[in-house]
Amino acid sequence: MAKAKILVVDDDEIILFAIRDFLELHGFIVDEAETCAEAEIRYRADVYDAVTLDYSLPDGNAIDLLPKLKAIDARVPIILLTAHGSIELVVRAIQLGAEQFLVKPLDLPALLVVLERALENQQNRRKQLARESLDQPQRAVDPFIGHSAAIHRLEEQSRLAAATESPILIQGETGTGKSELARWLHRNSSRASEPMLELNCGGFSKDFLETELFGHEKGAFTGAVSAKIGLLEAAHRGTVFLDEIGDMDVQLQPKILKALEEKRFRRLGSVQDRKVDFRLIAATHQKLDRLVQEQLFRSDLFYRISAIQIYVPPLRERAADIPSFAQMLLNRLTADCGRETVHLTQAALTKLQRHTWPGNIRELRNVLERALMGAVAAVIDAEDLDFASSPESQKKNGLSSMTLKELERHFIIQVLNEEGGHVDRAAKRLDIPRSTLYQKLKTYGAESSRF
Ligand SMILES: Nc1ncnc2c1ncn2[C@@H]1O[C@H](COP(=O)(O)OP(=O)(O)OP(=O)(O)O)[C@@H](O)[C@H]1O
């Protein structure tokens with residue numbers, strides 16, 4: 001875990017030195033300020049995990065400074081150090097948001113205990129905030145269910161990617177599990193003990209996304225009655241997951257690029273940069289390189305976020321995994337509604353494997369959910385499975401939006417699935433030589449791994 005950064009505000013050089021020396025020895029990073037003005041400037045420009053604040057400073061006192069610091073970032077715990085241990089002062093400081101109160105002469109081990117407890121509380125609060133930013137309670141899922149070559153490749157790539165600090169771009173069709181993979185990557189990264197914050201860039205205006213991402217100062221625009229912390233700040237030390245990044249407004253893209261490259265950004269209405277440390281995971285169902293060609297996505301941002309690219313295969317390219325996947329989903333669904341385990345017959349499994357799944361895992365779950373509602377027995381048979389009413393299938397399998405090349409690939413894989421993976425039989429049905437079919441499959445494999 002990254003070291004915690006503490007701002008020590010005191011005008012007594014001996015005390016400053018003693019606190020710095022002691023905290024650095026215990027693994028903290030320490031910044032110093034000797035006046036209220038200096039403390040405010042530093043606090044504005046950086047993200048601190050905690051502040052120790054001497055009551056009396058040359059240009060003011062803690063009661064003046066506390067509200068200013070809280071207006072910039074109210075989450076940071078501030079520990080007040082004072083020689084004036086009057087009860088009125090304690091009450092006033094706590095009212096203004098001070099976390100704790102220590103009386104001088106300072107007991108350094110006591111300061112350490114107080115700091116560690118404050119940091120732990122703060123980390124829990126950040127995680128709580130992250131959970132609240134998600135629509136639903138999260139349940140950890142295993143994104144690598146099955147034994148197909150495609151899923152093994154995905155797992156291998158993901159393990160390598162999780163161990164790095166670089167941005168990750170996840171691509172794949174809708175419903176393939178890109179968001180679940182992003183959460184897995186965070187859980188398996190060195191940032192796992194910090195929060196991951198998610199934002200879907202699709203369908204939101206530039207202004208909304210901008211304030212969500214970067215936050216704003218009080219009075220930045222009509223209605224900004226107080227300062228608001230953006231996602232980047234809330235995810236400090238953790239991970240930011242931007243879903244559907246291909247939909248992000250082009251005007252907003254340079255700001256994200258700057259935050260990634262310089263690890264600093266500006267809240268709306270602020271004239272000062274703030275430092276921040278986050279890892280970006282982005283996902284899209286669109287072909288970002290094509291958006292770059294069409295000038296709908298900035299090439300510099302594309303290169304910055306695509307150093308590590310992971311392609312999540314659609315279900316139809318891993319048909320061998322469908323039986324185990326379907327059974328796992330069924331077990332979850334039955335457990336959720338307190339029912340006994342339900343099994344799929346062989347005919348049902350074959351039917352599931354032959355479907356092309358334009359909506360991928362999301363569609364599979366919906367189909368199973370519907371089948372479960374109709375099933376009275378402990379088995380689901382082929383006729384219980386209804387693909388026709390799934391919205392994904394109603395989109396004519398998305399065929400009309402495909403290129404000729406994609407259509408060919410889609411059709412070949414469908415025939416191959418329907419023939420249970422037998423290349424001979426598929427080649428015969430397609431009326432092409434077996435060697436041509438092999439050649440095409442090889443090309444598709446190479447295209448998939450290039451993502
Ligand atoms: N490995 C998994 N195990 C169980 N459920 C999964 C798994 N992967 C995905 N799902 C479920 O499938 C649905 C779609 O997954 P997810 O949202 O991650 O896909 P996506 O590729 O991000 O979709 P979109 O492109 O539409 O945003 C979700 O309900 C998710 O919980």
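Domain bounds in this account come from an automatic or database domain assignment. On that basis the protein is divided into domain 1 (5-123), domain 2 (149-311) and domain 3 (317-450). Residues are numbered from 1 along each chain as its sequence is written. The model is predicted: local features need pLDDT of at least 70, side-chain atom pairs count only at pLDDT 80 or more, and totals for chains, interfaces and linings use all residues.

The ligand is surrounded by 18 residues, the closest being Val 141, Gly 177, Lys 178, Ser 179 and Ile 361; a residue is near a molecule if its C-beta atom, placed from the backbone, lies within 6 Å of it. At least two residues of the shell come from each of helix H7 (178-187) and helix H15 (360-374). Helices (H or I, at least four residues) and strands (E, at least two) are DSSP runs, numbered from the N terminus. Sorted by class, the shell holds five nonpolar, seven polar and six charged residues. Here Ala, Val, Leu, Ile, Met, Phe, Trp, Tyr, Cys and Pro count as nonpolar, Asp, Glu, Lys and Arg as charged, and the others, Gly among them, as polar.

Attention now turns to a sheet. Five strands form an open sheet in the order E9-E12-E15-E8-E16, with parallel pairing; two strands pair if DSSP finds at least two bridges between them. Strand E9 (196-200) and strand E16 (308-311) are the edge strands, each pairing on one side only. Strand E8 (residues 168-171) runs parallel to E16 and is joined to it by four bridges. Ile 170 has Ile 310 in E16 as its bridge partner.

The relation between domain 1 and domain 2 comes next. Their C-alpha centres lie 32 Å apart. Seven residues of domain 1 are in contact with ten residues of domain 2, contact being C-beta atoms, placed from the backbone, within 7 Å. On the side of domain 1 that touches domain 2, helix H2 (36-45) and helix H3 (62-72) are the elements that give two or more residues.

Finally, confidence is expressed as pLDDT, the predictor's confidence in each residue, from 0 to 100. The protein averages a pLDDT of 85, and 89% of the residues score at least 70. Among its elements, E8 has the highest mean pLDDT (97) and helix H16 (residues 391-394) the lowest (58).

Definitions and conventions. Contact = placed C-beta atoms within 7 Å.
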